[in-house]
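Hi everyone, thanks for making time.

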Amino acid sequence: MWWLIVTSVVAGAGAGRCARLTAARFVGPVWPGWCEAVCAVGVAATVWADAGRNPVWMLPGALAFWWWCASLAATDLCARRLPNLLTLPGFLVIVAVGVATGAAFAAVIGGLLLAAAYLALYLGAPGAIGAGDVKLALGVGAVAGLAGGEAWVFAAALAPALTAVAGCVVLAVRRSSSPLPHGPAMCAATLAALFAGHLT
């Protein structure tokens, strides 16, 4: 098992570098090492949690998903934008995974329900979230949908809570009330929901 974890760390760091380069295409230089460290730890933890369940898909799937999340989070943190070239194709790939695993309905419904909720917030409270958050909701909602109803609810509820906590911390430290990017919290909440599903 240890060799798989070591391989996952190395491969995860590579995925993180790709994520940093991907984000740099949209926003310019991204903090060195940040994406690499996050993906290395995240991929290794994913493989460890999923060991014995999906041995064929776990490493490539973890690499792809962590690359996607890190790319989006870095882009949103640096420039407060979530490019269509990352959000929408991500949703389509996740639905394709659902088709391949016989869970396409769960992926589509999960994505559409979360996107509908975010669209209602986007239209009802202008400035609260951006259009990119609505598009990202398609992808993260689809992933959470693949993991089941409980994971979907957990991810949907945790994302705004994480942004709220981060906002309180920023307000206390910097005395700034400027809005925070919500994309990183959406990705983090979805990843947390997936981990919670594996550990229960």
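First, some housekeeping. What you see is a predicted model, where local features need pLDDT of at least 70, side-chain atom pairs count only at pLDDT 80 or more, and totals for chains, interfaces and linings use all residues. Residues are numbered from 1 along each chain as its sequence is written, and side-chain values use heavy atoms, with hydrogens and water left out.

Glu36 sits in helix α2 (residues 34-50) and Arg20 in helix α1, so the pair ties together parts that are 16 residues apart in sequence. When I say helix, I mean a DSSP run of H or I with at least four residues, numbered from the N terminus.

Are these two buried or exposed? Glu36 counts as buried, at 14% relative accessibility, and Arg20 is buried too, with a relative accessible area of 16%. The cut-offs here: buried is under 20% relative accessible area, exposed is over 50%, and partly exposed is in between, with a 1.4 Å probe and protein chains only.

Stay with Glu36 for a moment. Its side chain also reaches the backbone nitrogen of Gly33, at 3.3 Å. If you skip residues up to four places away in sequence, Glu36 touches Gly12, Ala13, Gly16, Arg17 and Arg20. Touching, or contact, means heavy atoms within 4.5 Å.

Back in helix α1 we find Thr22. Thr22 is buried, with a relative accessible area of 14%. What does the side chain of Thr22 make a polar contact with? The side chain of Trp67, at 3.2 Å. A polar contact is a pair of N or O atoms within 3.5 Å; within protein, one must be able to donate a hydrogen and the other to accept it, and residues adjacent in sequence count only if both atoms are side-chain atoms. Leaving out neighbours within four places in sequence, Thr22 is in contact with Trp67, Ser71 and Leu86.

Now the rings. There are two aromatic pairs in the structure. The rule is that rings of Phe, Tyr and Trp (its six-membered ring) pair if their centres lie within 6.5 Å; planes under 30 degrees apart are stacked, over 60 edge-to-face, and the rest tilted. Trp31 and Trp34 make an edge-to-face pair, 5.9 Å centre to centre with 80° between the planes. Trp31 is partly exposed, with a relative accessible area of 43%, and Trp34 is partly exposed at 28%.

The other pair is Phe65 and Trp68: their ring centres are 5.8 Å apart and the planes are at 35°, so this pair is tilted. Both residues lie in helix α3 (residues 58-79), three residues apart, about one turn of the helix. Phe65 counts as buried at 13% relative accessibility, and Trp68 does as well, at 5%. What does Phe65 touch, not counting residues up to four places away in sequence? Val143, Thr190, Leu191 and Leu194. Phe65 and Val43 are 22 residues apart in sequence, yet their C-alpha atoms are 8.9 Å apart in space.

Let's go to the surface. Trp2, Trp3, Val6 and Val10 make a nonpolar patch of about 520 Å². Trp2 is in helix α1 (residues 2-27) and is exposed, with a relative accessible area of 67%. For patches, residues need over 30% relative accessible area and no salt bridge; like charges are joined within 9 Å, nonpolar side chains (Val, Leu, Ile, Met, Phe, Trp, Tyr) within 5 Å. The areas come from the Shrake-Rupley method with a 1.4 Å probe, and for residues only the protein chains shown count as cover.

Arg80 has a phi near 55°, a positive value in a residue other than glycine. Most residues other than glycine have a negative phi. Arg80 is in the loop between α3 and α4 (84-100), and it counts as partly exposed at 48% relative accessibility. And lastly Ala188, in helix α8 (residues 183-199), is partly exposed, with a relative accessible area of 35%.

Definitions and conventions:
Helices (H or I, at least four residues) and strands (E, at least two) are DSSP runs, numbered from the N terminus. A salt bridge is a side-chain nitrogen of Lys or Arg within 4 Å of a carboxyl oxygen of Asp or Glu.
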